[in-house]
Amino acid sequence: MIPGLRRALPGVAVFAALAACTFFRARGSAFPDLAPPLAEKGSSCVEDRAFMASSHMALLAGWRDAAVRGNTRRYVALDGRAWEISLEKTCFSCHTRKSAFCDSCHASLLASPSCWECHVIAEAAE
Ligand code: HEC
Ligand code: HEC
Ligand code: HEC
């Protein structure tokens, strides 16, 4: 062992813990960091991450109303990209692992969207 390292280790651990706290605070998120198994497609989300983290519920409610009541299946994002209004063909074409991504976050926050009573999302095989 490097001389002095044994004595330095607790300090290193404390430093690492503090650095980690700063990191999580810097992310400015009340959400647990679940390291979401994201887009295997490598493209960015419909809206940016902060928007999605805080407002995906409102976005989806708007999508549902647009599709079911307004009969519109096209959503133009803030950056001008157009998306098809579809859980299956849009959201879950990127977030292929619903249980690991959506469900685990909701479970950790005791949220339980009722959507899946009707919308059946086939989980991609691992
Ligand atoms: C083209 C791929 C793609 C599509 C389509 C997509 N996402 Fe995303 N999503 C991502 C990526 C990549 C991220 C990580 C942030 C980023 O880089 O944009 C993300 C981030 C998120 C987050 C934020 C997670 C967090 O807290 O950091 C949520 C929630 C989310 N997406 C939900 C959805 C929903 C709901 C839909 C459908 C309306 C959707 N996504 C459609 C790729 C996608
Ligand atoms: C990083 C955490 C996180 C991820 C990932 C996430 N959600 Fe959420 N979701 C939330 C939170 C927080 C709420 C708000 C719960 C509340 O208000 O009771 C929410 C609420 C919702 C609601 C509204 C529920 C209602 O009853 O009004 C829907 C719909 C929803 N999420 C869909 C999704 C979908 C689909 C995905 C995956 C593509 C996803 N979420 C991923 C955290 C997340
Ligand atoms: C009582 C059953 C039911 C529930 C619960 C439900 N939906 Fe739907 N939803 C439907 C039906 C039926 C359609 C119309 C299907 C079509 O025309 O493509 C639809 C269509 C949609 C669409 C557009 C088409 C698609 O395939 O994605 C979105 C987006 C949507 N719903 C979101 C939601 C969200 C988000 C929730 C939960 C907050 C939810 N729905 C809960 C029955 C339901």
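Mentor: Ground rule before we start: helices (H or I, at least four residues) and strands (E, at least two) are DSSP runs, numbered from the N terminus. This is a predicted model, in which local features need pLDDT of at least 70, side-chain atom pairs count only at pLDDT 80 or more, and totals for chains, interfaces and linings use all residues. Residues are numbered from 1 along each chain as its sequence is written, while chains are lettered from A and ligands numbered from 1 in the order in which they are written.

Trainee: Okay, which helix gives the most to the shell around ligand 2?

Mentor: There are 17 residues around ligand 2, Cys102 and Cys105 being among the closest (near means a C-beta atom, placed from the backbone, within 6 Å). Helix 2 and helix 4 (99–108) each supply at least two. With four residues, the top contributor is helix 4.

Trainee: And which element gives the largest share of the shell around ligand 3?

Mentor: Ligand 3 has 15 residues around it, with Arg64, Ala67 and Cys115 among the closest. Two elements give two or more: helix 2 (49–68) and helix 3 (87–94). The largest share, five residues, is from helix 2.

Trainee: Asn71 has a positive phi of about 55 degrees; is Asn71 buried or exposed?

Mentor: Asn71 isn't a glycine, and its place is the loop between helix 2 and strand 1 (74–76). The cut-offs, with C-beta atoms placed from the backbone, are 20 or more others within 10 Å for buried, 12 or fewer for exposed, and partly exposed in between. Asn71 has 7 other C-beta atoms within 10 Å, so call it exposed.
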